[in-house]
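Subject: Handing over the structure

Hi,

Here is the structure I promised to pass on to you.

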Amino acid sequence: MIIKNVSLDIVCGITSTLPDTELPEVAFAGKSNVGKSSLINALMNRKALARTSASPGKTQTINFYNINDAMYLVDLPGYGYAKVSQSVKEQWGKLIERYLQKSKQLKAVFLLIDIRHDPSANDKMMYDWIVHNGYQPIIIATKVDKLKRSQVQKHVKALKQGLELLAGTQVIPFSAETKQGREEIWKIMDELLFE
Ligand code: GTP
Ligand code: MG
C-alpha cells in the first residue's frame, strides 16, 4: 500500500456505541506498552499520529485510522495494565470484546507480543479468545531491535510454544525503531484485503 492520506476518523470509548463502518478493518491487540500505537505509526509512515507513551495505559479508546479511504487500522487499548482499577480493566476488556465480536468489517487481527518476554497468561487468553471468535491471529513479535540477531529465533520459538500457536500461524519479528517487518505486514494486509 502506498500511503497517500491517513487520518484518525473514529474514537470509541467505553460508553460509545461501536461505529457502523464501510471500510475493511484490521485490528491490533496486545498487552499495554507492547508497541501497538508505535506499529500503527510505522505502518502509516507517521511519527506520532497514534499517541504513544513510555508508560503503559496510553491508548484508552478504540481508534480507527483511515488509510487512503480504503481501510482502517484499528488501535485497541492494551490489556494487563496494572495501575488502573479492576472495574476500569473490566470495562476496557468488555469494550475490546464487544468490538472483536461485533465488528462486521474486521478482516484480520494481529496480536502483538514483546519478543523479549515469554507470553503471559493474559497473552495466552487473548490468543485463545481471538481464535475462539473465528480469527486466525497473526503474531507480531515487537521490539526486535532490543535483541541480538542471534537471539531472535530462540525467542520466536519460545513465543510459539508459550502461546501454543496453531500450526501455520505466522510470527513476524518487528521493530518500530528500524522498521524491520513493516513491508511484510503490509504485504499480508494487502493480500488479505485487496486480492
Ligand atoms: P498502550 O497504548 O498503553 O496499550 O501501549 P502501546 O501498545 O500502544 O505501546 P506504545 O506504542 O505506546 O509503545 C510503548 C513504548 O514502547 C514506547 O516508549 C515506545 O517508544 C516503545 N516501543 C514501541 N515499539 C518499539 C520498538 O519496536 N522498539 C523499541 N525499542 N521500543 C519500542
Ligand atoms: Mg497505544
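What follows is a short tour of what was found. Please keep in mind that this is a predicted model.

With E2, E4 runs parallel, and 4 bridges join the two; here Val26 is opposite Leu73 of E4. With E3, the pairing of E4 is antiparallel and covers 5 bridges, and Ile67 is opposite Met71 of E4. The hairpin of E3 and E4 has 3 residues between the strands, and Asn68 in this hairpin has a positive phi near 55 degrees.

E4 is also mostly covered, with 5 of its 5 residues buried. Met71, Leu73 and Asp75 point one way from the strand, while Tyr72 and Val74 point the other way.

Further along the sheet, E5 pairs with strand E6 (residues 138-142) in the parallel sense, over 5 bridges. Ile113 has Ala141 as its bridge partner in E6.

**The helices**

Is H1 enclosed or open? Of its 9 residues, 8 are buried, so H1 is largely enclosed by the rest of the structure. The buried ones are Lys36, Ser37, Ser38, Leu39, Ile40, Asn41, Ala42 and Leu43. They pack against E2, E3, E4, E5, E6 and H5.

Just after H1, Asn45 has a positive phi of about 60 degrees. Then comes Arg46, in the loop between H1 and strand E3 (62-67). Arg46 has 13 C-beta neighbours inside 10 Å and so counts as partly exposed. Leaving aside neighbours within four places in sequence, Arg46 is in contact with Val6 and Asn41. Val6 is 40 residues away from Arg46 along the chain, yet their C-alpha atoms are separated by 9.0 Å.

In soluble globular proteins, nonpolar side chains tend to be buried together. Here the largest nonpolar core has 42 residues, and those that touch the most other members are Phe28, Leu39, Val74, Leu111, Leu112 and Ile140. Strand E5 (residues 106-114) contributes the most to this core, with 6 residues.

What is Leu111 in contact with, leaving aside its neighbours within four places in sequence? The list is Ala29, Gly30, Met126, Tyr127, Ile130, Pro137 and Ile139.

**The ligand**

Finally, do look at ligand 1. It is surrounded by 24 residues, of which Gly35, Ser38, Thr52, Thr59 and Gly78 are the closest. The shell is made up of 5 nonpolar, 13 polar and 6 charged residues. Helix H1 (residues 36-44) provides the largest share of the shell, 3 residues.

Enjoy exploring!

Best wishes

Terms used: Residues are numbered from 1 along each chain as its sequence is written. Chains are lettered from A and ligands numbered from 1 in the order in which they are written. This is a predicted model: local features need pLDDT of at least 70, side-chain atom pairs count only at pLDDT 80 or more; totals for chains, interfaces and linings use all residues. A residue is near a molecule or strand if its C-beta atom, placed from the backbone, lies within 6 Å of it. Ala, Val, Leu, Ile, Met, Phe, Trp, Tyr, Cys and Pro count as nonpolar, Asp, Glu, Lys and Arg as charged, and the others, Gly among them, as polar. A nonpolar core is a set of buried Ala, Val, Leu, Ile, Met, Phe, Trp, Tyr and Cys residues joined through C-beta atoms within 7 Å. A residue is buried if 20 or more other C-beta atoms lie within 10 Å of its own, exposed if 12 or fewer, and partly exposed in between; C-beta atoms are placed from the backbone. Two residues are in contact if their C-beta atoms, placed from the backbone, lie within 7 Å. Two strands pair if DSSP finds at least two bridges between them.
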